[in-house]
Amino acid sequence: MSLACAGLRALDFGKMVHGFIKKNDEIDSNLFVGSAMIELYSKCRMLDDALRVFEEYTQPDIVLWTTMITGFEQSGDAVEALSLFTRMVMLGRVCPDAITLVSVVSACGQLLNLKAGISVHGFAVKMGLYSGLSLSNAFLNLYAKTGCVNAASNLFKKMQEKDVISWGSLIACYAHNGAAKEALDVFSEMTHKRVEPNSVTVIGALQACEATCNLEEGKKIHEIAARKGFELDVLVCTALIDMYMNCGSPDEAVELFHRMTKKDAVCWAALLCGCVQNGMGGKSMGIFCNMLSSGIQPDAVVMAKILTACSELGILQQAFCLHGFVIKCGFSNNAFIGGSLIESYSKCCSLDNAIKVFEGINDRDIVIWSSMIAGYGMHGRGREALELFDQMVKNTTIRPNNVTFLSILSACSHVGLVKEGIELFNMMVHEYQLMPNSKHYGIMVDLLGRTGELDKAMGIINQMAVPGGPHVWGALLGACRIHQNTEMGEVAARNLFQLDPDHAGYYILLSNIYASDGKWDDMTKLRTLVKDKMLKKLSGQSRVEVRSEVTIS
DNA sequence: GTAGGGTTAG
């Protein structure tokens with residue numbers, strides 16, 4: 001009876017049954033009833049009541065332990081699930097079986113705790129519990145989530161029995177870890193083996209298309225999804241919207257969005273984000289209003305995205321309006337939103353308000369610190385950015401990450417703090433052992449290039465482990481123009497033409513270098529080449545609101 | 001007759 005209630009989430013009725021059982025004194029003697037009651041309360045999100053039933057048993061069996069652990073795990077309380085598991089193992093009265101481990105491994109996956117997962121893996125092998133499909137799938141998912149691509153693919157190869165869940169986990173693993181091609185290969189291998197794709201495998205394959213801007217393949221998968229009726233699935237549609245938006249087909253994304261019968265906050269967020277991505281940020285406020293009037297309560301992610309859209313547009317009034325809404329919805333302490341608010345105010349030319357938001361946040365995570373440092377940098381206040389960075393490093397336990405260094409290095413570069421920039425770059429590599437990416441190198445080249453240290457800038461490019469991207473060569477080209485070094489400018493330009501042959505700005509920069517060096521022949525040749533390619537110099541657009549004296553208190 | 005696996009987002 002309780003089981004039936006759990007299935008139906010019929011709490012009131014279940015409680016009545018619980019009362020009846022208690023009155024008849026059956027609960028102590030009947031473990032079946034106990035686990036059914038725990039399941040009922042857990043599924044109704046009443047973990048306290050579930051735990052109370054569990055504690056009534058002085059000698060719970062393995063099923064009872066497992067039900068309680070699973071209850072925590074499925075309610076998203078993985079920490080409690082693992083601590084209960086530890087308690088069970090310490091007591092040593094019952095031995096975990098494969099079913100217990102499924103929930104324990106899932107909890108490790110939720111916490112991205114690979115170390116704990118691996119020790120459970122060892123335990124499972126030792127106990128000979130390792131062959132079950134569900135448990136293998138749970139491990140597969142753990143490796144997928146923690147980015148252990150090799151461990152996941154090795155396990156998959158070894159599995160004798162596989163189902164659509166196994167395939168789905170492997171596809172997601174590849175898709176989320178920069179191996180889109182492998183993800184699509186696995187998807188097609190799966191269909192060749194006549195395993196019917198479900199919504200999860202379709203989502204993984206779509207994400208792989210999205211990551212590589214593979215519109216052609218994305219459309220094929222859309223067809224499969226439509227044939228199987230997955231256009232009714234909001235998660236599949238969200239993945240489709242993301243894919244179309246990222247592949248530069250916003251019209252198809254919008255059309256699909258309008259066809260959707262059920263919409264949640266996540267798919268609205270995908271639409272919003274996609275519009276900004278495709279240069280239609282101006283529509284974002286309208287979309288946000290439509291979402292509100294259709295009765296969807298915005299969640300933290302939607303709020304963060306609409307704020308990002310607003311910072312792209314630079315409309316301060318809109319930032320104030322949204323900030324008020326954030327407060328009204330009770331999101332003031334949300335770290336994502338705090339970071340977006342700081343970014344919005346900084347980009348909307350209101351550093352004072354960004355600082356007020358920063359100071360109003362008690363629990364500052366690394367995103368908050370990095371956003372504020374970036375804010376100072378954007379406004380040319382490099383010294384203050386450095387002070388804030390120092391304060392973070394010295395007074396908190398928060399470790400700067402790649403993004404933090406991007407912000408602080410760019411702050412130094414904006415105001416020409418060369419010595420400090422070099423020190424920070426060395427700190428990043430040696431003290432924090434972070435691997436600089438193309439953007440970091442780009443800033444360093446910019447920093448050195450601006451002050452005329454072109455040879456040092458070139459030296460940095462030559463010592464990079466990866467080939468220089470557009471940030472790097474673009475920064476060097478810009479520096480060569482300022483300091484009139486035609487020879488090095490040509491090297492930089494040649495690399496840029498290869499990286500992005502259609503980018504008009506690079507040709508124009510080089511032709512300006514030729515012009516100031518008096519190389520009129522070279523300049524004319526280049527201009528003709530540009531004309532032949534029918535490139536037009538794109539006029540940069542920026543928008544700044546004129547009246548912006550409002551402040552928040 | 002009681003317990004088990006995968007997916008959205010800054």
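**Entry 1: helix H22 and its cover**

I started with helix H22, residues 351–360, and looked up what lies over its buried residues in this predicted model. The cover includes helix H20 (316–328), helix H21 (335–347), H23 and helix H24 (382–395). Which residues of H22 are buried? I noted Leu351, Asn353, Ala354, Ile355, Val357 and Phe358. A reminder to myself about such patterns: an α-helix has 3.6 residues a turn, so residues three or four places apart point the same way.

**Entry 2: Met372**

Next I picked one residue from the covering helix H23, which spans residues 366–378: Met372 sits there. Is Met372 buried or exposed? Its relative accessible area is 0%, so I wrote it down as buried. Then I listed its contacts, skipping neighbours within four places in sequence: Met372 touches Ile342, Leu351, Ala354, Ile355, Phe358 and Leu388. Back in H22, I find Leu351, Ala354, Ile355 and Phe358 among the buried residues of that helix. I also checked one C-alpha separation: Met372 and Ile355 are 17 residues apart along the chain, and their C-alpha atoms are separated by 7.2 Å.

**Entry 3: H21 against H23**

Two packed helices are described by the angle between their axes and the distance between the axes, and I looked up both. For H21 and H23 the angle is about 5 degrees and the axes are 9 Å apart. The two helices are therefore roughly parallel to each other. On the H21 side, the contact uses Ala335, Gly338, Gly339, Ile342, Ser346 and Lys347. H23 brings Ile368, Ser371, Met372, Gly375 and Met378, so Met372 turns up here again. By class, I have five nonpolar, five polar and one charged residue in this contact.

**Entry 4: Ser344**

While in helix H21, I also looked at Ser344, which lies there. It counts as buried, at 0% relative accessibility. With neighbours within four places in sequence set aside, Ser344 is in contact with Leu307, Thr308 and Ser311.

**Entry 5: H25 against H26**

For another helix pair I moved on to H25 (residues 402–415) and H26 (residues 418–431). How do H25 and H26 lie relative to each other, roughly parallel or roughly antiparallel? They pack at an angle of about 165 degrees, with axes 9 Å apart, and are therefore roughly antiparallel. Their crossing is left-handed. From H25, the contact takes in Asn402, Phe405, Ile408, Leu409 and Cys412; from H26, it takes in Glu420, Gly421, Leu424, Phe425, Met427 and Met428. Sorted by class, that gives eight nonpolar, two polar and one charged residue.

Residues 61–95 are 77% helix and 0% strand, and the end C-alpha atoms are 9 Å apart. Residues 163–197 are 74% helix and 0% strand, with the end C-alpha atoms 10 Å apart.

**Entry 6: the whole chain**

Last, I zoomed out. Chain A has 32 helices and zero strands. Along the principal axes, its C-alpha atoms fill a box of roughly 100 × 60 × 50 Å. Of its 553 residues, 46% count as buried. Taking contacts between residues at least 6 apart in sequence, I noted that 59% join residues at least 24 apart.

Definitions and conventions: Residues numbered from 1 in each chain as written. Chains lettered and ligands numbered in written order. Predicted model: local features only at pLDDT ≥ 70, side-chain atom pairs only at ≥ 80, totals over all residues. Heavy atoms only, no water. Helix = DSSP H or I, 4+ residues; strand = E, 2+ residues; numbered from the N terminus. Axes fitted to C-alpha atoms, helices over the stretch in contact; angles between N-to-C directions. Parallel < 35°, antiparallel > 145°, perpendicular 65-115°, else oblique. Left-handed = near helix turned anticlockwise from the far one by under 90°. Contact = heavy atoms within 4.5 Å. Nonpolar A, V, L, I, M, F, W, Y, C, P; charged D, E, K, R; others polar. Buried < 20%, exposed > 50% of the residue type's maximum accessible area, 1.4 Å probe, protein only.
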